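Subject: Structure handover

Hello,

Here is the structure I promised you. Please open it first, then read my notes below.

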Amino acid sequence: MKMENYEACVGFDLCETPLSTVAQKIMSAMRSGDLMASRNEGERTKTSEVTKKPSVHFSVLAEHEKTQPLETKNPKSLINQTPRGSVELSSQPSITKLSAGQVQNSISSSGLSSYLIPQCDQEASVLQNREHKRKHFLKENIGKEDKDSLNLKRKYITCSNSPEKASKHTALGKETDGTESWQNSEDTRALGKQLCDVRYLGDLAKVQLMDVLKQAAALVVTLMYKDGSTQLSAKQALTCPVKGIVVLLKSHVGSSPLILPAHGGALGKDFTSTDHCIYIHTEQSPFWDPKQEAHSLFVRNILFWTLRCKCPVVCFNAKDFVRTVLQLYGEDGSWKHVAGFVGLDPRVAAWLIDPSDTAPSFEDLVAKHLEKSIIVKPSSTFNDASINIVSQNVCVNLKILYDLTMDLCSKLKAYGLWQLFCTLELPLIPILAVMENHKISIDKEEMERTSALLGAHLKKLEQEAHFVAGEQFLIMSNNQLREILFGKLKLHLLSQRKHLPRTGLQNQLSTSEAMLNSLQDLHPLPKIILEYRQGSISSTWNQTGTVTGRLSAKHPNIQGISKHPIQISRPRNFKGKEEETATISPRTLFVSSEGYTFLAADFSQIELRILAHLSGDPELLKLFQESERDDVFSTLTSQWKDIPIERVTHMDREQTKKVVYSVVYGAGKERLAACLGVTVLEATHFLEQFLQKYKKIKDFAQTVIGQCHSAGYVASILGRRRPLPRICAQNQQLRAQAERQAVNFVVQGSAADLCKLAMIRIFAAVATSPTLTARLVAQIHDELLFEVEDTQIPEFAALVRRIMESLQQVQTLELQLQVPLKVNLSIGRSWGHLTPLQETLGSA
DNA sequence: ACTTATATCCTAGGG
DNA sequence: TCCCTAGGATAT
C-alpha cells in the first residue's frame, strides 16, 4: 500500500526518465502562469547542505559535538547492526561516563582516521583541555535533559533571546488544557497570533488542520532548534537539536505574500482564504504519556504528508528537513517513501546560478536576490522586513523565503538551469538525506588495533627525526622543517637538481613530497619525514559545496579515505630497535552488516570518455569504441612504454592516468616532467607527441575558451554553468588559469552530471521495487557504494549496470554520447577488500 | 597572556 | 601556469 502511494506520488515509469517527468510537471506548472499553480502534480524542492549527523564518527569530540543533539532515535539500528561492534553514537550513557583514561581509549578507537592519531601524540594538556570541554559540553547538554526536562524546557523558553520566538497560539479551534509553562511564557506580541502550536489543538481542529494542509497551494517549512533559531537564522547553531518544525500553509499562490501580514487580521477568520503558520513540536519528553503518543502519531502524519504531498514544498536546506523527519519518525523501509520528495530549495537554486557562492545564509540570499523586488515593491511592511530580517518573526521569514524561492526559480528558468534543477539537483536531495541516515558499520577491533599501531609508530618516527636532525622540532611544521633541511643541513646545496620545488606565493624552498624525494639520498631525515607524513584520513554530504557540480563529503571525508593500504615498515633499524612491518588499509574498517554485502559500481575513465565525446577526436573515440574490453590506461601505457599489456603494473597505470589528465587539462612541461620523473626536455617531447596524436583535444579546448570568452561562462553537458569572469582578464596568469578552469569544468562538470543522474535513477529504481532493499552508502565521485542484501546481489548488480551504462543516451535530456560508458562492479564484505564481480549471464 | 580567525602549505581522494 | 575537493597543522 505504501508502494502504491509512492508510485502514485512519483508517477513515472522507472524505465523512462523519471527526472524529466518531474521537470515537465514543474515546468508545465510554471508555464501555466505560476509555479505554485500546480494542481495534481507534485513538485517539491530540497536543498542539501551541511548535515549535522554523519554516518560514521571517528572521534569522540566529533561524536558528542554532533550527535548529541538528536538524541539518536535508533535503538533498532543499535541492536541490529552491532555484529562487529559498529560505532554507534547513540551510546550516550557510555559517553557520559567516560573518564580521562577512557577518552584516550576512545580516541584510539577512532583510530583509523589519521587526523586523530596526532592527537594521541599531543601534549596531555591538549587532551585535558578537550576533556574539559567535553565534560562541560556534556554537562550542559546531556545531563540535564534526562533529569529534569521541565527545567530545561523552561530554560529554553526563557533564555531564548533569539528573535524568532515560537509564539504559539492557537488560531484554530480551542486552546485546550494549556497548563504548561509554554503557555505562560508565551509572548503575545503582534505577530504571535499567527503561529499555531498543534499541540493545543482539539480533535476537531486537527481534522480541520489536515484539511487545510491538503488544500494548501504551497508549504513553506523550516526546522526550529532548541535555542529558538531556525534554518533561516544567520548563525546556524550547528550543535543544536531540533525542537520542532514550523510550516507556513499558503492557501493561494499570490506572488506577494508579504502583503498578508498587514491584512491578515482582516482576512483572518476563514481558514481557506488566508495563510497560516503552524508549529509542530517534535521534541519528545522521556516520560511515557498516552497523550503524547497520540500527538506523535498526528505529527508523524503531518510530516510524512508534507514529504509526499503534491503541492510545492519550499525549504531552505531541505535535506536537513528530510533527514530530521526520517530520524524522528522513520522506520524500517520508510526511506522509500521520501524518495520522490521534491522540495524547492533556494540554496540549491542559488548555487546553480552562482556555484562559487558556496554557503550563503538565508539573509545573504535575500540580500542578493530579493533586494530588487523589495525596492520595486516598496510596501512599508516589506521595508521593515528587509532592514532587519533577523529580528522578524518566523512567519514573516517564511513568507520572505517563499518569495525568494519563487524569484530564484524564475531566474533559473531565465538562465536555462531549470531542467537541471528539477531533474538532477532536486531529486538528489532526499537521496543524500537517506544516505546520511544510513550508518556504516565499523570493525571496531580492527580500528583500535590500527589506531594503537599508528600512534606508536608516529611517536617513534618523531623521535627518530629529532635524533637525526640533532634537535627537537615540530615535525608537522613545514616552516621548522624548512629551517632544518635548508638552514641547518643545507641539503639544497648538495642536490644536483637545478630546479628544486618552491612554494607558490612566497617562493620559499618547498618541503613537499617531491622535494623530500629528491633529497632522500642525502640525509636520513627526508625519508623519516616522508614516512611520518604517510596518510591522513580524514559524512555529511554537501550538495552545494563545489564549483563543478560534484558532491563533497565531510566528517569524515569519506571521499578522501586512503584507497590502498599504507605500508608502515622500517627495514633499516634505528637505535638497534627491532624491525617491524605492518600495513594499514583504512577502507577495511568499513564493513557491511550481517547478511549484507558492499557493491561498488564505478564508471571507468568517465572524464576521458566525456572528453572523447565532446572533442570528437577520432583517435580517442577509437580507443573507447574498439577496445571496449581493455582498460584504456593500461592500453596507453603498453603503447608508449612498448611493453605487453600484461606487464603493465598498477603503478604504471596510475602514472599514465595522472599524466593523461594532467596533459589534457593543460599541464606545463615542468609539471609533467616532475610527474613523469623525466627531464624537462623529454617531457616537452612527450607533450608534443601526445597533443599531436590526439589533435582535436586542443581544438576542443580552443572552442571552449572561445565560448567562455564570448558568454562569460561555460556549461556542462546538462547545462550546469560556471561563470568565469577572469576569462577576459588582462593579467596573463589569471586569464590562463580561467582558460584551464573552463576546459576542466566542461568535462568534470559533465561527469558530475552523469554520476548524479546515475544515483537518482538507481535510487528511484530501488524505491519503486517491491523487493530490492539496497542502500546507498557513499558516493566517491565516479563510484557508488551500496550495501546490498546478499541474496539480491545478482539482481541488483544487473540493475545498476544497466542503468549506469544506459546513460550513454538519455533522450529526454537530449543526451547521446558518442562513446559507450563502462561500469566496473565489485563486491565484498569490507570496503577495503572488494573483488570484481563476475556476473552470471542472463541479466536481461 | 589568552583565544580566535585567516592564510599557507601539504596530502588524501577523484578526473 | 592541469582541475576540483576536505582536512590537518602551523604561523601570524
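UniProt, in an unreviewed entry, places the feature "domain: DNA-directed DNA polymerase family A palm" at residues 583–792. UniProt positions follow the numbering used here, feature names are shortened, and annotations may be inferred rather than shown by experiment. Over residues 583–792 the chain is 57% helix and 15% strand. The end C-alpha atoms of that stretch are 33 Å apart. Helices (H or I, at least four residues) and strands (E, at least two) are DSSP runs, numbered from the N terminus.

Some ground rules. This is a predicted model: local features need pLDDT of at least 70, side-chain atom pairs count only at pLDDT 80 or more, and totals for chains, interfaces and linings use all residues. Residues are numbered from 1 along each chain as its sequence is written, chains are lettered from A and ligands numbered from 1 in the order in which they are written, and side-chain values use heavy atoms, with hydrogens and water left out.

**The DNA**

How many residues surround DNA strand B? The count is 29, and the closest are T511, E607, Y661, Y665 and D782. A residue is near the strand if one of its heavy atoms lies within 4 Å of it. These residues divide into six nonpolar, 14 polar and nine charged. Here Ala, Val, Leu, Ile, Met, Phe, Trp, Tyr, Cys and Pro count as nonpolar, Asp, Glu, Lys and Arg as charged, and the others, Gly among them, as polar.

α25, α28 (650–664) and α32 (732–768) each supply at least two residues of this surface. α28 gives the most, with three residues.

Now look at the strand itself. Of its atoms within 4 Å of the protein, 77% belong to sugar or phosphate, and the rest to bases. A polar side-chain atom of S510 lies 2.9 Å from a phosphate oxygen. A polar backbone atom of E607 is 3.2 Å from a sugar or linking oxygen. For Q559, a backbone N or O atom lies 3.4 Å from a sugar or linking oxygen.

**Q605**

Find Q605 in the loop between β13 (596–603) and α25 (606–615). Is Q605 buried or exposed? Q605 counts as buried because its relative accessibility is 8%. Buried means under 20% relative accessible area, exposed over 50%, and partly exposed in between (1.4 Å probe, protein chains only).

The side chain of Q605 makes polar contacts with the side chains of S604 (3.4 Å) and D631 (3.1 Å). A polar contact is a pair of N or O atoms within 3.5 Å; within protein, one must be able to donate a hydrogen and the other to accept it, and residues adjacent in sequence count only if both atoms are side-chain atoms. Not counting residues up to four places away in sequence, Q605 touches F624, D631, V632, F633, R653 and Y661. Contact means heavy atoms within 4.5 Å.

Q605 has a positive phi of about 50 degrees, although it is not a glycine. D642, also not a glycine, has a positive phi near 55 degrees. D642 sits in the loop between α27 and α28. D642 is exposed, with a relative accessible area of 69%.

**Helix α26**

In α26 (residues 618–625), L620, L621, L623 and F624 are buried. They fall within an arc of 155 degrees seen down the axis, so they line one face of the helix. The arc is that of the directions from the helix axis to the C-beta atoms. Their cover includes α25, α27 (632–641) and α31 (695–711).
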